[in-house]
Structure formats: C-alpha cells, structure tokens
Amino acid sequence: MKRVILLIATNIAVMLVLSVSVRLLGLDRFVTAGGLNLGMLLMFSAVLGFGGAFISLALSKTMAKWSTGARVITQPSGQTEAWLLATVRKLADRAGLPMPEVAVYEGEPNAFATGPSRSNSLVAVSTGLLANMNEEEVEAVLAHEIAHIRNGDMVTLTLIQGVVNTFVYFLARVVGYLVDSWLKRDEENSAAGTGIGYFVTVIVCEIVFGILASLVVMYFSRQREFRADAGAAELLGSPRPMANALRRLGGIEADGLPQSMAASGIAGGRGVLGLLATHPSLEERIAALEGRKRWRER
C-alpha cells in the first residue's frame, strides 16, 4: 500500500511540476493559444507513461515464463528441484516474504526475479547456472533475487519508468507545438491545426528524450543491483558467497535472457560507456561486497 500511495503521489507531483513550470515560463499562454490544452496533455502523458509501465508490470510473470520457457516447480522432480524449493522458502522466510513461485528454464547461466508485487512474484534460475555453480553460489544468487523482491525493485522501476515516460510524452508534444507555431508564424490561420513540423518534431524529441530518460532508468537499475547484492549478504550473514558467485559468473558465458528482460537477470550486458548498462560490472559489484566485508570486520 505504501508503494501505491508513493506511486500516486509521484504521478501527481510530476503533473504539478510540469504545469507550474510551463506557467512560470509563460509557455502555457503561448502554447494554448496555438491550440494545445496543457491540462489534457498532462493527463494524456500520464495515462500513456504510467499505463504502459503498469501493463508491463502486471504481465511481467506471464511474459517472463513465456519468453524464457520457464517451468514452475509444483512437484519437484528430483533432488535439485527439491533443494531449490527448500532454499527459496528458507530465504523468503528470512526476508519476511510469502513464498514466491520457483521456476527453472533452459539457458545460459543466469537467474531473475519478477512479478507485480512482493506477494505475487517469481524466482527463476537457468539450467546453465545450476550446472556451473555449487550450492553455496546458487544460494547466493537466489538470495540476491529474494532481495530484489524484498526491496520492491519491480514496482519501483515501474514508478521511475512511468515518471520518465510522462516527461518524454509531455515535453515532446510541447516542443512540437512550439516548433510548429514558429514555422507557421507568417502564415494566415496559423493557429488552425498542426502541421508537418509538429509531427516530425514530436518523433525526433521522443527519440532524443527517450534516450535521455533511459540514462535515468539504467542508473537506477545499476544501483538496485548493488542493493540486491548487499541484501544477499545480509540474508546469508556474509558477503563471501555472493562475491564468489559473481566471480564464478565472470568466468563463464552468462546472460542469455531476452532483451526485454535484460534488467531482471543476475548478469547483464554493458552499455555505451556503461551509461546504458542495466548492471554494474562484476568487478564493481565484487569490490562493493569486499568493501562491505572489510567494514563488517572492523
């Protein structure tokens, strides 16, 4: 409930900030005179921005199962699956969470957690991860995913994505109207409708603003990996297993998740200069854990 209230409050705050900003800059009178209703545009931007993000969150478990072919373990078919269920249950209990669904999928070493809420979540590991890691390392990876669920990272990422989407939709259309009005300044009946300048500008601005927005979202994605690593160390009582699991990941071919789920995995690719990366480098994550270990030993 707290996160839902935060989400609603953030949405209202975004709309208020945008509305006040255009009024202080005097853009509301100019733009409205050109035929743009700012109040309706704010509502339109919020519906599109948060609507798409919420739909993705609501369908996250279903899409994850479909895109990876993950099989939810209902009745363990062997010792490994029984151990997986018991370990996830133990970690969930430590974290104060309901038991999430546990799944296994065929693929390169990786794991992920997803779901619309802490009480409706999924933890999945690949066959490659189980084959290349020992039990202590797999348990650390599972603790990392449980920490993601406890931290509410799926909901928070949705909130941030919705906020930046709202900015992108709103600002692209305001700039589009301004450019279109400037291009038609010497034409008669220039206020009647929008021209090609508006549509071209909106498309270009959505691309440019979308890239800038991605920098914000990816920064948060990298920070939440550090927090989940620290959460795993807390659940296990030591940062050593998580650091060892990351070292193991560094020595094998990991990833293998669909691009739409890249931010959800334990391992992720690096972006341009790291700015568009969903994950910090393994070296950075290990260094953060080692720093935590030295701090605890003082």
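**Salt bridges in close-up**

**Figure 1. Glu-225 and Arg-285, both of them buried.** In this predicted model, the two side chains form a salt bridge with an N to O distance of 3.6 Å. Glu-225 belongs to helix α9 (residues 196–236) and Arg-285 to helix α11 (residues 282–297), so the contact ties together parts that are 60 residues apart in sequence.

**Figure 2. Salt bridge between Glu-139 and Lys-90.** The closest N and O atoms of this pair are 2.7 Å apart. Because Glu-139 sits in helix α7 (residues 135–151) and Lys-90 in helix α5, the pair ties together parts that are 49 residues apart in sequence. Glu-139 is buried, at 15% relative accessibility, whereas Lys-90 is partly exposed, at 33%.

**Figure 3. Salt bridge between Glu-81 and Arg-71.** The side chains meet at 2.3 Å, N to O. Glu-81 is part of helix α5 (residues 79–95) and Arg-71 is part of strand β1 (residues 71–72); the pair links distant parts of the chain, 10 residues apart. Glu-81 has a relative accessibility of 9% and therefore counts as buried. Arg-71 has a relative accessible area of 40%, which means that Arg-71 is partly exposed.

**Figure 4. A network of salt bridges linking Lys-61, Lys-65 and Glu-101.** Side chains of opposite charge can pair when their charged atoms come close. Across the whole structure, the search finds 11 salt bridges.

Note on methods
Residues are numbered from 1 along each chain as its sequence is written. This is a predicted model: local features need pLDDT of at least 70, side-chain atom pairs count only at pLDDT 80 or more; totals for chains, interfaces and linings use all residues. Side-chain values use heavy atoms; hydrogens and water are left out. A salt bridge is a side-chain nitrogen of Lys or Arg within 4 Å of a carboxyl oxygen of Asp or Glu. Helices (H or I, at least four residues) and strands (E, at least two) are DSSP runs, numbered from the N terminus. Buried means under 20% relative accessible area, exposed over 50%, partly exposed in between (1.4 Å probe, protein chains only).
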